[in-house]
Amino acid sequence: MTIPSLYPAQPDPGPTPATPLPPGNGDKSRRRLVVERFLRHRMAVTGLIILAALMICCYGAAWIAPHPRNAQDLLSGAVPPSGEHWLGTDDLGRDYLTELLYAGQVSLTVGLGVAVLSTVVGTLVGATAGLVGGWIDELIMRVTDLFLIIPAIALLALAMQTLSPSPETIVLVLAGLGWTVIARVVRSQVISLREKEFVQAARVLGASKMSIIGRHLLPNLLGVIIVNASLSVAAAIILESTLSFLGFGIQPPQSSWGNMLNQAAGLVGTPKDYLLYAPGVAILLTVLAVNFLGDGLRDAFDHRSRQ
């Protein structure tokens, strides 16, 4: 089994930041153009619909799930899909669709949590390094390189054995390592923008470095940031699933899609192989949807896209 990497050796910097526009009608026209480009990307729109449907179903499981959570029927055991149990039941007689929806809450929370935390930290660190430069930039980049060589799956396994095996632990560890990718990307883009006229004008007017970052640089890097954040969601979900499949991740009674795959390991070709397919398809759909969404956002924010 190939273990995915959250930290590519040469991360894709994403779309080149668009030429800065002055506030006003220019920003409104650019936002409208971004929306039009995105809507023309059919696979991205499809991915957005699939991801939204998965989130609604999983986070609304308390109202959507056909049976109560962890409702066991030990006498019936594992039963194939039927009209009463659309995805069948597991070895404990629990409705598998219900367990799949609640497990999706954990997997999606890990993906979204890692994306938000790593993006916020990486964006601030990368923007600061790129704008300030000098020895501060050099120090931040050396620290970033140090984090990049740490194997995420090994550190996660160690953390889950040492700390509590919870979604919060996974989110903190992955976010603590994943910020480096977005930091490098944002830094490179800030270096290309910091000598632009609008940044020089802000400096002459006495704007602070934080004001320049927040009001002038980050709005022009929004496309790069969103694209990299969307891709980190899929990477985090795959890593969590891999860890849980190896037995180091989420532990019962909590469930995630990777945890469900681990419990169904070895059932291929048996009458209970349906227990393996549902969480696998859920992971596949989520990762594909997020990747399609990232492709659409990249094309929408890329100023070189065809009008």
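Student: At what angle do α6 and α10 pack, and how far apart are their axes?
Tutor: This is a predicted model, and in it α6 (residues 152–162) packs against α10 (residues 222–245) at about 55°, with the axes 11 Å apart. That angle makes α6 oblique to α10.

Student: Is that crossing of α6 and α10 left-handed or right-handed?
Tutor: The α6 and α10 crossing is right-handed.

Student: Which residues in α6 and α10 meet?
Tutor: On the α6 side you have Ala-152, Ile-153, Leu-156, Ala-157 and Met-160, and they meet Leu-239, Thr-242 and Leu-243 of α10. By type, that contact has 7 nonpolar residues, 1 polar and no charged.

Student: OK, and α4 with α12: what's the angle there?
Tutor: About 35° between α4 (residues 96–132) and α12 (residues 274–301), with the axes 11 Å apart. α4 passes α12 in a right-handed crossing.

Student: Which residues of α4 and α12 meet?
Tutor: From α4 it's Tyr-96, Leu-100 and Leu-108. Across from them, α12 brings in Tyr-274, Leu-275, Ala-278, Pro-279, Ala-282 and Thr-286. The contact of α4 with α12 divides into 8 nonpolar residues, 1 polar and no charged.

Student: Zooming out, how many helices and strands are there?
Tutor: 12 helices and 0 strands.

Student: And how much of the protein is buried?
Tutor: Buried residues account for 46% of the 307. On contacts, take the pairs at least 6 apart in sequence: 74% of them join residues at least 24 apart.

Student: Switching to Asn-259, where does it sit, and is it buried or exposed?
Tutor: Asn-259 is in helix α11 (residues 257–263). Its relative accessibility is 3%, so Asn-259 counts as buried.

Student: What is Asn-259 in contact with, leaving aside neighbours within four places in sequence?
Tutor: Ser-244, Ile-250, Gln-251, Pro-252 and Gln-254.

Student: Last topic: what's the average pLDDT?
Tutor: The protein averages 80, and 89% of the residues score at least 70.

Student: Where is the pLDDT below 50?
Tutor: Over residues 7–25. That stretch still has 44 contacts in the model beyond near neighbours in sequence.

Key
Residues are numbered from 1 along each chain as its sequence is written. This is a predicted model: local features need pLDDT of at least 70, side-chain atom pairs count only at pLDDT 80 or more; totals for chains, interfaces and linings use all residues. Side-chain values use heavy atoms; hydrogens and water are left out. Axes are lines fitted to C-alpha atoms, for helices over the stretch in contact, and angles run from 0 to 180 degrees between N-to-C directions. Helices (H or I, at least four residues) and strands (E, at least two) are DSSP runs, numbered from the N terminus. Angles under 35 degrees count as roughly parallel, over 145 as roughly antiparallel, 65 to 115 as roughly perpendicular and the rest as oblique. A crossing is left-handed if the near helix is turned anticlockwise from the far one by less than a right angle, and right-handed if clockwise. Contact means heavy atoms within 4.5 Å. Ala, Val, Leu, Ile, Met, Phe, Trp, Tyr, Cys and Pro count as nonpolar, Asp, Glu, Lys and Arg as charged, and the others, Gly among them, as polar. pLDDT is the predictor's confidence in each residue, from 0 to 100. Buried means under 20% relative accessible area, exposed over 50%, partly exposed in between (1.4 Å probe, protein chains only).
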